[in-house]
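Trainee: I'd like to learn how to read a few features off a model. Can we go through one together?

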Amino acid sequence: MLCTRITNARIVTMDPARPLARELGVWRGRVVGLDEDVAGLTAHRTVDLDGAAVLPGFIDSHVHLAWAGLKASAPAVAPGARADDVLRAVAEAVTRVPAGGWADLGGFDRRTLDRPLTAADLDAVSDGRRVFLGDVSGHACLVNSAVLERLPAWAVHPGGFLVEEAMGAALQSRPAHSLEELAAAVGRAARACRAEGVTACAEAGIGGQMFGRGPIEAAAYQLAHESGRLPLRVQLMVSADALRPVGTAPEDTTSRALSLGLRTGFGGGALSLGALKVWADGGMMARTAALTSPYRGGGSGSGQLVGSPEALEATIVEGHLAGWQLAVHAIGDRAVDVALDALEKAQKLRPRPDARHRVEHAGLVRPDQLPRMAALGVTCVVQPGFLRHYGDDYAAVMGEEREVLDHGVGLVASSDRPVADGSPLRAVQFMVERTSLSGRPIGPDEAITVEEALRSYTTDAARACHWDSDAGSISPGKRADLVVLGDDPLRTEVSRIGDIEVVRTFLEGDDVL
């Protein structure tokens, strides 16, 4: 007997062995069979979908759930806000913060301002509170003098606009989020993912000094899971700077290990450790992504690496030797060079053909870097939503000749939520259309087919997360992680894909949140 029979559906399996089906059976969270495999079997529950489309649950391979959840519950500057609008938002937000407390606002974008803002401007409206305006890129912030006064001298910029490590120092000076606050934030973001058809995701870096939400992040995910607030599968990437020196035997492969406050019960099927996250450079919107030639327009330089090439290489090589999958944040082509050099050295020292190392973002990849990626088996984990929302800006600072290229190998899509829109379907539409929100073509030669785009969120994403034996396609033996859609993306007009309704989402055959 089956637990659940799903019938009268157009099932797009993403499995080349059987691309389409009309019926499937579920037993103990797994797909038992399709069509004739389950014909005649009784079931505890039958779900008639009246011809709706069913696809494998989407896998978002690069998200920030705690950050997304905290941002969703915090005040924010409106998109496109002018300077006076920002100051009014700050003045309102500080009224809800105790005297001497910390006011945290998101959505700040200095590129849209009609005049520059500084710490002094914030001082005039902060009423003695510490004010942190998070930049939309996630790689910069604007703070007031009350925050600057508590920072080490190296992190202080008189104007209050901080990037990368200096922003990290500001975040570290913030009063710590409670475990319950973080768990609630994770739950909010996870429910938003599930509503968009996402059944599994990779949290892109916990425990880090620069972007971390606190030293007990992993415990917050565990609490969210144990308290029933994690309605999807999560894989936690660990920030490389969370590793600490350890004494090991000479034959051991690593001299650094974790200190994340993990406890008994961590690491089950719904919550597990994934890749080691290494930040090699900054962000494109903050003009800190490391390029081999300057940003267009002058005054922005060519970005920066996070540490020296030698230090980055040492971290990547040691992580590889210790058995980690590497997820290297490298947006600019200079950072990609550093990542590929280090991965090539690591593979020569100890070949691991199925390591499935990843380059996160890969915003600017030169044609000459593609053969190296292919040879090393590197996967590019990209964010189509960046170009949909910010593609006009990318083109302005890089020039048309420096648009994001068609990577050609190991392409996986993700959202990087909350930096950009998290909807997989809107990302799929962009990957086919290659048009920004303003209507501007963004790298039209890099357009792919709808099927290829869907694979980047299903089968290819599963492989990038080492989940391919259990997820990514609707195949016998795999988890019954499914998304039911109001229309089939493969048969509807491309311009409508992003608006297709997500009717329901099944995790291991269960569609109850």
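Trainee: Which residues lie nearest the centre of the second largest pocket, and how many line it?

Mentor: General idea first: on a 1 Å grid over the protein atoms alone, a pocket is an open set of points with protein on both sides within 12 Å along at least five of seven lines, and lining residues have an atom within 4 Å of a point. Here 16 residues line the second largest pocket, with V77, P79, G107, V136 and Y390 nearest its centre. This is a predicted model, where local features need pLDDT of at least 70 and side-chain atom pairs count only at pLDDT 80 or more, while totals for chains, interfaces and linings use all residues. Residues are numbered from 1 along each chain as its sequence is written, and side-chain values use heavy atoms, leaving out hydrogens and water.

Trainee: What classes of residue make up that lining?

Mentor: The lining has 10 nonpolar, four polar and two charged residues; Gly counts as polar in this scheme, while Tyr, Cys and Pro are among the nonpolar ones. Strand β9 (residues 102–108) gives the most to the lining, three residues; strands here are DSSP runs of E, at least two residues long, numbered from the N terminus. The space in this pocket is about 340 Å³, taken as what is filled by probe spheres (1.4 Å probe) set on the points.

Trainee: What is the strand order in the open sheet of five strands?

Mentor: Strands of a sheet pair through backbone hydrogen bonds, either parallel or antiparallel. Two strands count as paired if DSSP finds at least two bridges between them. In this sheet the order is β3-β2-β7-β22-β23, with mixed pairing. β3 (20–21) and β23 (502–506) are the edge strands, each pairing on one side only. β2 and β7 run parallel with two bridges, and I11 has V54 as its partner in β7. β7 and β22 run antiparallel with four bridges; there, V54 partners V484 and L55 partners V483.

Trainee: Is D60 buried or exposed?

Mentor: Buried means under 20% relative accessible area and exposed over 50%, with partly exposed in between (1.4 Å probe, protein chains only). D60 sits at 0%, so D60 counts as buried.

Trainee: Which side chain makes a polar contact with the side chain of D60?

Mentor: A polar contact is a pair of N or O atoms within 3.5 Å, one able to donate a hydrogen and the other to accept it. For D60, the partner is the side chain of S415, at 2.6 Å.
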